[in-house]
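Subject: Handover of a structure and findings

Dear colleague,

I am passing the structure below to you for your records.

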Amino acid sequence: MKNTLWKALGILILVYVFAMTMLVPLGPGLLEFQDVNQVIESTREGRAVPEFQVIGFGTHWDQLPDSLQVFVQSKGQLAALEVIRVDDATHATVGLTLPYSLPAKSWNVLTNHPVDGTLLLENGLFLSDRFIDAKATWPAPSFIEHSSQLGLHFPYQPRIVETIRNLMLHVPLWFTMFLLMGIGFVASIKQLSNPRNQRDDDRAVASVQVGIWFGVLGLLTGSLWARFTWGAWWVDDPQLNGALVTVLVYSGYMVLRQAVDDERLRARLAAAYNLFAFVILVILLMVLPRFSESLHPGKGGNPGFNSYDLDSALRAVFYPAVIGWMLLGTWMYLVTLRMKRVNRQIELLP
Amino acid sequence: MQGLAFLLGLESTAIAFAALLSVLSAISSRAGAGFGLTAVLGLPLIIPIVLISTRYGTDILNGILWIDTAHHLLFLGALTGGIGTLGFILFPYLWRD
């Protein structure tokens, strides 16, 4: 009873994770702040201003179109733009009511809407034809940050967009691989210190066998994600090369086991090689990427999914996903281990 | 200083190769499988050392100041230290009967 309970729990958690991953909608965001190359009459300022278009992703500007506010912000200076009209739920036309002297060229664009909350497009506006005066200031408009009135949703991330759901697969798969290889590492140390029987050798090989599959799945999901966000299936990056090398090193472990016939010798050699493989894994996947530039999140000064990126909706799915995958991985490991032991018993039969 | 940094990287790479290939040759000789096994096991383990040391070496030869590329040397040192220490500890276990 106790042994089946945690397995059922693991499956239940994974069912919850998959359902949430596929069903929770993505939150709103800003895609682009586009120059329309036309000049329109500003009713507020009574002069001609350039026309721009704000393009949103999953926004609801057609509800309460009058309460949409658009701001630009740079170096602590905030300016309100005039919203000329709201075209549809994701398109709005604004007039660029800014003075000729500006403190900066590059501006963040913000929209305020009671349904979507406050949205930010970093460096969405670049003005090269204005006079730059670092001291140019004007009275700040009233700005109240809205929080979103939408239900549970995943946060919008530029460039990642809908693929943020891959977070529930890619990251937990690698975590599970780490856990399994850790089990293999401990088993190999035990095998080396107590070489009399093959119990720990069975543990090591079972965990590595399952762990390689998790590593391959982690590579595949990562490759898919790279295709979407970076534009290529594979890029020459320390984190990616390290991951591939790790999987290859562990494949070498399986090759080594095939090459030795004597059981006790095989156990000892495989255990020694496994210690090497684990040290390489730790160095390549956890030490190296922190020392070098990498595209991969969380490495080389590149923000990962830290407290800033992981909002409550992501957390509610991501943490169960990690636990669920780890439980499934442990279960697969235990089944493989039992297969090894049964096979050993069968071989011993007369 | 620049030459010394290059020499350090060279030595570090050489020691890493020596330690790694000694242990792998020992494993394959104990396995009785000849040098084919050394090649198969060694290839993935050699790749990171080659990648890092070539990157470090080209950086130094291109005239980049050694302190600006020292993180490669640091990592090379970590790799060498890890492989060397582990090889030193594990070597007797390989030959025990």
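The notes that follow describe what was found in the structure.

This is a predicted model, in which local features need pLDDT of at least 70 and side-chain atom pairs count only at pLDDT 80 or more, while totals for chains, interfaces and linings use all residues. Residues are numbered from 1 along each chain as its sequence is written, chains are lettered from A and ligands numbered from 1 in the order in which they are written, and side-chain values use heavy atoms, with hydrogens and water left out.

Chain B

Chain B contains three helices and zero strands (helices, H or I, of at least four residues and strands, E, of at least two are DSSP runs, numbered from the N terminus). Along the sequence, its pattern reads α-α-α. Taken along the principal axes, the C-alpha atoms of this chain fill a box of roughly 50 × 25 × 15 Å. Of its 97 residues, 42% count as buried, where buried means under 20% relative accessible area, exposed means over 50%, and partly exposed lies in between (1.4 Å probe, protein chains only). Contact is taken as heavy atoms within 4.5 Å. Among the contacts in chain B between residues at least 6 apart in sequence, 72% join residues at least 24 apart.

Helix α3 of chain B comprises residues 70-95. The expected span of a helix is 1.5 Å times one less than its number of residues. The buried residues of α3(B) include His72(B), Phe75(B), Thr80(B), Gly87(B) and Leu94(B).

Nonpolar cores

A nonpolar core is a set of buried Ala, Val, Leu, Ile, Met, Phe, Trp, Tyr and Cys residues joined through side-chain atoms within 4.5 Å. The largest one has 85 residues, and those with the most contacts inside it are Phe154(A), Met168(A), Tyr273(A) and Ile27(B). Helix α5 of chain A (residues 263-291) supplies the largest share of this core, 16 residues. Leaving aside neighbours within four places in sequence, Met168(A) is in contact with residues including Val17(A), Phe154(A), Leu314(A), Phe318(A) and Trp325(A). A second, separate core of 22 residues includes Val54(A), Trp61(A), Leu98(A) and Trp138(A).

A glycine in strand β1

Gly29(A) is found in strand β1 of chain A, residues 29-41, and is buried, with a relative accessible area of 3%. Its C-alpha atom is separated by 7.6 Å from that of Gln157(A), 128 residues apart along the chain. Leaving aside neighbours within four places in sequence, the contacts of Gly29(A) are Gly56(A), Phe57(A), Thr59(A), Leu119(A) and Tyr156(A).

Aromatic pairs

Over all chains there are ten aromatic pairs. Rings of Phe, Tyr and Trp (its six-membered ring) pair if their centres lie within 6.5 Å; planes under 30 degrees apart count as stacked, over 60 as edge-to-face and the rest as tilted. One of the pairs is stacked: Phe185(A) and Phe278(A), at 4.4 Å centre to centre with 25° between the planes. This pair links helix α2 of chain A (residues 167-193), which holds Phe185(A), with helix α5, which holds Phe278(A), 93 residues apart. Phe185(A) is partly exposed at 22% relative accessibility, whereas Phe278(A) is buried at 16%. Phe18(A), Phe214(A) and Trp325(A) form one aromatic cluster.

Salt bridges

The structure holds nine salt bridges over all chains, each being a side-chain nitrogen of Lys or Arg within 4 Å of a carboxyl oxygen of Asp or Glu. Asp200(A) pairs in this way with Arg203(A), with the closest N and O atoms 2.7 Å apart. These two residues lie three apart in helix α3 of chain A (residues 199-229), so they are separated by about one helical turn. Asp200(A) is buried at 8% relative accessible area, and Arg203(A) is partly exposed at 24%.

Arg257(A) and Asp201(A) form a further salt bridge (2.8 Å, N to O). Arg257(A) lies in helix α4 (residues 238-259) and Asp201(A) in helix α3 of chain A, so the pair ties together parts that are 56 residues apart in sequence. Both residues are buried. Finally, Asp202(A), Glu263(A), Arg266(A) and Arg344(A) are linked in a network of salt bridges.

Yours sincerely
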